Amino acid sequence: MRLLFGSLFALIVAAVVGLGATYLALTRGAAFGPLTIGSWTAWPKTGTVDADPYAKASIARIGRLPTALGDGVAFTASTDDNGRPLDGRCDVVLAGVTPAARFWTLTLYNTAGELIGNSINRFGFTSQEIVRHADGSFEIVVAPRANPGNWLPTGGIERYILVLRLYDTAVGVATKAGREVPMPSVTIRSCP
Amino acid sequence: MIRWLLLALGGAVLGGIVHLATIMILPRTATQDAYSRLARAAAVNTVTELKAPTPDAAPMPFMDPAFANAVCRYDLSQGPLKLSVPVSLAYTSVSFYTRYDVAYYAINDRAAGRRVIELELMTVDQHNQMPEDEDITAADRLIVESPTITGLIAIRALAPEPGLMPMAKRAIAAAKCVHAE
């Protein structure tokens, strides 16, 4: 009887630990070799044959095609620079410049990776659509209500993810976070 | 007490094995991965245009709405494939994925350096069996080796502003993916 309870206990511990760790790894999007700059994170290695098992599992679960490294690099942000989650009811300002790339696009998704419906059918920006300052830097306001300048509507959803994709860029597996890879700052300006 | 601690420790070690095994097996059992999603919509060895993602429906999550997209779901069991993609005015890229959605190669219009991205896709075996002909080993012939027999080619053209989407779509529509003779 003691043996039965003992092995049952060990098996339950195994199931909880094993499946719990798998669930956590997949929902947090864990993979090796992240490149973090401010609140932006990219996994350049995920777009190569050297993608680790965690990256492969999370890609299969989400059902997306990763951006291949020869194509570009995708940076995601789900918090501001102070670690506060991005809330669609707040005004969030992206300011600064991006690393050198032939083109970049910025897209807003909900946490499931779907686009958010809005009155002007704008789901993001490309590098050519942006209105810039004289020095080449830009400012994008991510907010539920219309704003002057580069306005990216949130549709008022609670949580969203920003994805900044650099196409044809030198940023890759060997890139270290630092001065040569500037990413726009993410600041929550005001919350209702 | 010590007995239960030992059992918990053993359970945790076993749990680590369960964790690693589930992570390794997951891509092979997933039914909603990108390849499976697109397999329903895309025929084998032809270029299929993908609908632009909208808030209501999208072929896959996390698609870039600024791009016109097409896929060629390939099966190399009958021989190598020839792929040709005319480049659009802005940015065109071709990315190769294995059956399990691992990106193994990508090329863009600038790297290709001409008006049409042309390449041949074959398995490692098919590449090895190719006769070592002077013409065939010519440097201008771009050969890509696929690690798996089946897989996906994603063909994408950027519309830098919404008004240029028809231009990007036209470039994609002229892409071809056919059996090499």
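**View 1. A:Asp168 in strand S9 of chain A.** A:Asp168 counts as partly exposed because 19 other C-beta atoms lie within 10 Å. The cut-offs are these: buried means 20 or more other C-beta atoms within 10 Å of the residue's own, exposed means 12 or fewer, and partly exposed lies in between, with C-beta atoms placed from the backbone. The residue belongs to strand S9 (residues 161–169) of chain A. Helices (H or I, at least four residues) and strands (E, at least two) are DSSP runs, numbered from the N terminus. Phi of A:Asp168 is near 55°, a positive value in a residue other than glycine.

This is a predicted model, in which local features need pLDDT of at least 70 and side-chain atom pairs count only at pLDDT 80 or more, while totals for chains, interfaces and linings use all residues. Residues are numbered from 1 along each chain as its sequence is written, and chains are lettered from A and ligands numbered from 1 in the order in which they are written.

**View 2. A:Asn121 in a loop of chain A.** A:Asn121 sits between strand S5 (101–109) and strand S6 (124–126) of chain A. Its phi is near 50°, positive although the residue is not glycine. A:Asn121 has 12 C-beta neighbours inside 10 Å and so counts as exposed.

View 3. A:Thr67 is buried because 27 C-beta neighbours lie inside 10 Å. A:Thr169 is 102 residues from A:Thr67 in sequence, and 12 Å from it in space, C-alpha to C-alpha.

**View 4. A:Ala14 in helix H1 of chain A.** Helix H1 of chain A holds A:Ala14. The residue is buried, as 21 other C-beta atoms lie within 10 Å. A:Ala14 and A:Arg61 are 47 residues apart in sequence, and their C-alpha atoms are 22 Å apart in space.

**View 5. The crossing of H1(A) and H1(B).** Two packed helices are described by the angle between their axes and the distance between the axes. Here, helix H1 (residues 2–27) of chain A meets helix H1 (residues 2–29) of chain B: the axes come within 7 Å and cross at roughly 40°. Axes are lines fitted to C-alpha atoms, for helices over the stretch in contact, and angles run from 0 to 180 degrees between N-to-C directions. H1(A) and H1(B) are therefore oblique to each other (under 35 degrees is roughly parallel, over 145 roughly antiparallel, 65 to 115 roughly perpendicular, and the rest oblique). The crossing is right-handed, that is, the near helix is turned clockwise from the far one by less than a right angle. The residues of this contact divide into 17 nonpolar, 9 polar and no charged. Nonpolar covers Ala, Val, Leu, Ile, Met, Phe, Trp, Tyr, Cys and Pro; charged covers Asp, Glu, Lys and Arg; the others, Gly among them, are polar.

**View 6. The domains of chains A and B.** Chain A has domain 1 (1–29) and domain 2 (31–190), with centres 36 Å apart over C-alpha atoms. Chain B has domain 1 (1–30) and domain 2 (34–179), with C-alpha centres 40 Å apart. These bounds come from an automatic or database domain assignment. Chain A has 2 helices and 10 strands; chain B has 5 helices and 9 strands.
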